[in-house]
Each structure stands twice: as C-alpha cells, then as structure tokens.
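Try each task before you read its solution.

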Amino acid sequence: PGNAHQRNSMAVSCSSSSVSGSAKALACLHTSHLAPQRTASARLRLQCIKMCSAPAAPGGSKKTVWVWTENRQVMTAAVERGWNTFLFGSKEVGKDWSSTARIHPLFIDGLEIFDEGNQKVAAISEISSPSELQLIQPDNVEVQNNVIHFRGDWQVIPAENIVAAFQGCAGAVLAVSTNSTEAQVFLEALEQGLDGVVLKVEDMDDIIKLKDYFDRRNEAKSQLQLTKATVSKVEVVGMGDRVCVDLCSIMRPGEGLLVGSYARGMFLVHSECLETNYIASRPFRVNAGPVHAYVTVPGNKTSYLSELQSGREVIVVDQNGLWRTSIVGRVKIESRPLILVEAKENSGNGTYSIFLQNAETVALIGPDRGKPT
C-alpha cells in the first residue's frame, strides 16, 4: 500500500458520450498503491494523464488484399496473416485448394471475376497507355470492384490519377501488384491510396513483407494524444465478477486495453507483461475489470467486457497513444475483490471511473516512459 500523501503518476482515457466521438484515456497505478487506508479520512490525490483521440477514426479505411498465386506456400502464408481471398484461373484448382484451407475463391474468366455462385464481383481493366487510363472513370464502372492491371513501368502517376478520380465513390478499386514494394506504391498514392491490391506473387516473402508493412502503417498512423487528470477517489467496494482478457498476441511494456465504467472515460489498463514478486509474466493478458465495463474495439466502438469471446478483436494501446488491433484468444471471468477509482481531468470538469481487481498484479500506465508505478 502506498503512502496517502505521496503523488504518483498515471494515465486516463475519456470519450464523448457518443461512441463515434473523440476518445480520452487514463493510465494509473498498481491497485495496491491505490487501495485506501483503513481510516475513512484517508484519500489519495494522484497525477494522471488523460488520452484523447485524434479527430480521424483510428486506423482509417481498411485496405483489401486479394492473392493471385499458384504456390501453396504463398497461400498458407497469406491465410496465416488473415488474407483468405484468392484468384484462380480454373474452378478445379480453386475447389482443390478450398478442400485444404478455409479460403474465399474467386475465378478469372477473361477480364471478369466471379465468385463460387457464378456472380460477377469484379472487372479487370488492363492499362498500358494514357488513353486507356482515361476510359477508367467512376461513371464507367458497373461492378462493385474494379481491378486495374497496369502494363509497363509507369504505375505511380496512374495510381494517383485513379485515387483522385474515384475518391468518394462507392466502388472499390484494386491494383495488381507483382511484389510487396509495388503494392505499397498503390496503397500510398496521394497518401490515401487505392482501396486495395491484388498481390500476384509466387514468393511467400512478398506476403510476409506486405503484412509487416501493414503492421507498421497501422501503428504509425493510429495515435491518440495524452493529457492529464487527477485521481480523486479510491474505495474498496467488495466482490465482483472480473474479466481477464487473454490475447493471441504479445503486449510490450507500456501497452494495455482501454477500459472504463462509461464510454466517455476509458482507463489504460496495463498488461501483465512485467515480472512481479507475486506472479510470472503473462504478456498476453490484461486483468481488465468487471463484467459491466466497456472496452475499446475496432471501428471506434466499445463492447462490454462480458461480451468478449474468442475471435473478437480489441484495441491495444501504448503509453504514446499508438494502437493496434489484437484477437481475443480466451476470456476468464472469476469472482474477485474490487476497488473503485475515480479521476477528474485537470483541464475540465469531467469525472471518470473504473472498477479494478484489488491485487498487486493489476496496474494502470504511468507517464514515466509508460511504466506502471
């Protein structure tokens, strides 16, 4: 238990009452440091950080990746990285591959692409000159997806022209790419990029490199801002059903989940990635809070902790506001002693709260390089 007079740093996330509004976040201490003294008059006032999201929705628009290959190793590498739409020149090959992996096969017939039900899902436009490029305009597109296959070494300018022409249109535009570097050119044209790529490769390294690119792009462009708040109340409240969230990925020091009693105020709860005197490191786990609490999920939305299940995605955030998505592998709900933590933002009148398990292993993230304090 900490000294009631000492000031310790932490962080808080708050959002507007609308899920689609801006988000804020709080990080705090080990709950043992937050636990109140036995005397009723003992109260802690602790410096905190409030985290507010940038105006744009986290992550931006999602890019589509289709894979066009005759190499089963490429297929395996793509499926393992979450890409399961494949293009085939014959239905026999598509059916054969579908029997060994859970994939979504599409079939090329001339300059058209069909699904398993023989429904046309895309058209292929082969471009080798500026005059042919002029024919690819939004008003001329009659299908949901348009696949552009550039011929020659002049991809950059045409890709920028197509991004500008199709901006704001409902149809998706994908470009055929023969390696991961070429795919990045199409995905970054005019900063916004095309809607996706058709990766036509026979080397699994291109799959690995493109996935690494998406991971870096996601972290670099998805950042929340941190500001300050102060913990104004800590109270032991008794027993409750708390939720441990085990993810399918490893969290680093300074990373955790955004959790709170209200969607307008989310606390950054640290993972159990650090060794303690009480338990071994479990870098995939967050002891997140009770079943009623909200947790941030992709799409600028929240979910109840009780609704999480294997296969759902959540948002992992670090002390700098960078975030990424992660898949839930397992959820454990157990009865445990809880404390109530309330915090007031320093730059406004908002008050935010969270319930946490009263345990040494539970931590909120402090501003000192993201270390739990």
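Predicted model: local features only at pLDDT ≥ 70, side-chain atom pairs only at ≥ 80, totals over all residues.

**Exercise 1.** Find the buried residues of α6 and work out how they sit around the axis.

*Solution.* Step one: α6 spans residues 180-188; helices here are DSSP runs of H or I with at least four residues, and strands are runs of E with at least two, numbered from the N terminus.

Step two: pick out Ser-180, Glu-182, Ala-183, Phe-186 and Leu-187, which are buried (under 20% relative accessible area, with exposed meaning over 50% and partly exposed in between, using a 1.4 Å probe and protein chains only). They cover an arc of only 155° around the axis, so they lie on the same side of α6. The arc is taken from the directions that run from the helix axis to the C-beta atoms.

Step three: recall that an α-helix has 3.6 residues a turn, so residues three or four places apart point the same way.

Step four: check the start of α6, where a side-chain oxygen of Asn-179 comes to within 3.1 Å of the backbone nitrogen of Thr-181.

**Exercise 2.** Describe the surroundings of Ser-326.

*Solution.* First, locate Ser-326 in strand β19 (residues 323-345). Next, check its cover: Ser-326 is buried, with a relative accessible area of 3%. Then list its neighbours, leaving out residues up to four places away in sequence: among those that Ser-326 touches are Leu-247, Cys-248, Arg-312 and Val-316 (contact means heavy atoms within 4.5 Å). Ser-249 is on that list as well, and the side chains of Ser-326 and Ser-249 make a polar contact at 2.5 Å.

**Exercise 3.** How many strands form the closed barrel, and which strand does β5 pair with in the parallel sense?

*Solution.* Count along β4-β5-β6-β7-β8-β9-β10-β11: the closed barrel has 8 strands, with mixed pairing. Now zoom in: β5 (residues 85-88) pairs with β6 (residues 104-109) in the parallel sense, over 4 bridges (strands pair if DSSP finds at least two bridges between them). For one of the residues involved, take Phe-86, whose bridge partner in β6 is Pro-105.

Note on methods:
Residues numbered from 1 in each chain as written. Heavy atoms only, no water. Polar contact = N/O pair within 3.5 Å; in protein donor to acceptor, adjacent residues only side chain to side chain.
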